[in-house]
Amino acid sequence: MSAAEATTTVPRTSAARLPLAIAAFLAATLFVLGLDQFINALTLGAIYALIALGYTMVYGIIELINFAHGDVYMASTFVAMFTIQTLLGRSGAIESIPELVIALVIVFAVTASLMGLAGVVIERFAYRPLRRAPRLAPLITAIGVSFIIQNIIQFAFGPTIVSVPQIIPISWSFMVGESRVPILNLFVVAAALILMAVLQLFIARTRTGRAMRTTAMDRDASALMGVDINKTIMLTFLIGSALAGAAGVVHVLYYGNTQFGLGFQSGLKAFTAAVLGGIGNTAGAALGGFLIAFVEVGASAFGYGRWGGGIVFTLLVIFLVFRPTGLLGSSTGDRA
Amino acid sequence: MMARISARFDPSRAFFARHRSLGILVGVSVLGILLPLITRIPPFDGIQSTNAWVNAFTTATIYAVLAIGLNVVVGFAGLLDLGYAAFFALGGYTYALVASPFSGLAFPFWPMLIAGAIVGAIFGVLLGAPTLRLRGDYLAIVTLGFGEIVPITLLNADKFTNGTNGLGGIDKPSIPGILQFTLTNPWPMYVLVLLIFAAIAMIVFRLEDSRVGRTWDAIREDELAAESAGINTVIAKLQAFAVGASIAGIIGVVNAAKITIVAPDQFRFIVSISTLAAVVLGGMGNTIGVATGAFVIYLFQSILLKQLNTLVENFSIPILSEIDFLDFQYVLYGIVLVVMMLRRPQGIFPARRRKRTFDDQKRSE
């Protein structure tokens, strides 16, 4: 098996068609689902997209399906809860805007940095020793790590759904025609889009971003060119996990609750999103995240909510079999 | 080394090395008699009645068979199947649908063993045919998805499966005119499960040494090289998948007949993971090793952890009595997977052939 040839940039051929396709897709779903459901799907999609980025970045660089990633996301919701309730001492909505901004900055900073650190620790102790082992080994370890995280959280916070104070007031909203658009949803989508844009710029424009891309293409050659491979891989885990952390904060803000089993389902869906978009491709992961959310919300809008998970996995299987390169394509896929 | 030397001088070992199927039969019979006897002596007799012990051994053996089946897929062919419980579920539902009050049918148990195997194999091939072309880790995800889809379907297709409540009152096996299996007498089921275990272990041992088994070895070690050597890798992988799935199907039928109820919640991801943990613990590729792993893991969680609970409750130790030690089993699986992979990837009982692989790797590093 040669080293990864994954690119983390959008392939040139689809770059021009992509915005058009997305616009057409959004218009169609808006028409089918109606504004309320459309906003729901967009918000859910933002969360999936943020998680999917972590999967796709890690897969792009070391070709490992990081099963623990969904649980890092789950753990981050609890870190966010802890930060809101204990560090900030909040138990309800924050009505004053300056206070809210400060609180949000603190929650995002604390959660993202702690989760980033967790990602680095997991990589260092669970995955790095197995980098040259048979492919099955790190995969099995990843499943083990996922289970350990899940149960640490279960011990600490119990198996039931825990409610978390929603610090962005739900009452803040404006009307578009008949539908009420909460500021909260807008904030969630905007935050996700900004993070994704920053990530895209980071990977495309900075020296470190270039190191990540070359490492994904050919690890040995990059090492010969003076790239510190271990540092680059560590950084990938740091960023991916921090993004999962951000997704966790968004989840808590939006849903106002969390549970220890959250990571498994969300992780699987986010992974599906990454595959859908073309694994190894960050723009694709974002696109896939929104797509999955639309499929899921669409299914429940038409009364098939209980089948939502099943539909998503069926989609995953269909994509893996017929188009393993995903929608946006990436050279990693053809060796799938 | 010691084992190899003693094998040369110990005539009984040499005999069983040549007649392995007979060896399995003897081993299973000896253990099958010894285990219930051991439970009669202290401290084991204080934990639960002999019947309860025998019941626990039966379930542990069912898990051991599951582990043997998963080992064909993971250990022999090197394909990570994370949805193995799905085939177990399909076997169980196959029997439940034709032998429970829900459908009103009352098919006999014995032919359903074969039906379970066939259903398992069919679904194994259905899932495998399109997906086995994928690379290993994608296959893991697809099987994981399949493992989710099956319980979701069983849960939601309540017209056919009775949804959450599952299918209860499943017929127990009987030998007409001679023996009717009952819930109160665990012994016939115990013997039946041991016999099935022995039969499947014999078949798997023979498969391992057959042409197919060697093909699996080749694919696991280097798929590209195997393909260049003229092996049709997709067919060989399908065979592994089908064999693994049909073993799960058979034991699914037995499991349904034993506990007389099947419900979607019995076949969650955790079942696949605990079976995988057993395979990893016992040593991927070693049939007896993985069976031992499963047996030990099951007894550990169902007896030892439960005992810890009652012990702590009895002494009313303040903080500890708040903890349900049964919850620890999940952490346990996680730790087993991580620690084994990092420290002893070949498992506690390394398979002969796999051991060489890991040695080679060490040398090349």
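Visitor: What makes up the secondary structure of chain A?
Guide: Chain A comes to 13 helices and four strands, where helices (H or I, at least four residues) and strands (E, at least two) are DSSP runs numbered from the N terminus. This is a predicted model, in which local features need pLDDT of at least 70, side-chain atom pairs count only at pLDDT 80 or more, and totals for chains, interfaces and linings use all residues. Residues are numbered from 1 along each chain as its sequence is written, and chains are lettered from A and ligands numbered from 1 in the order in which they are written.

Visitor: Why is chain A called as compact as a globular protein of its length?
Guide: The radius of gyration, taken over C-alpha atoms, is set against the globule rule, 2.2 Å times the number of residues to the power 0.38. For 336 residues the rule gives 20 Å, and chain A has 19 Å, close to that value, so chain A is as compact as a globular protein of that length.

Visitor: Why is Val212(B) called partly exposed?
Guide: A residue is buried if 20 or more other C-beta atoms, placed from the backbone, lie within 10 Å of its own, exposed if 12 or fewer, and partly exposed in between. Val212(B) has 18, so Val212(B) is partly exposed. This residue lies in helix H11 (residues 211–221) of chain B.

Visitor: How many residues does each chain give to the contact?
Guide: Chain A gives 34 residues and chain B gives 33, two residues being in contact if their C-beta atoms, placed from the backbone, lie within 7 Å. On the side of chain A that touches chain B, the largest share, 12 residues, comes from H6(A).
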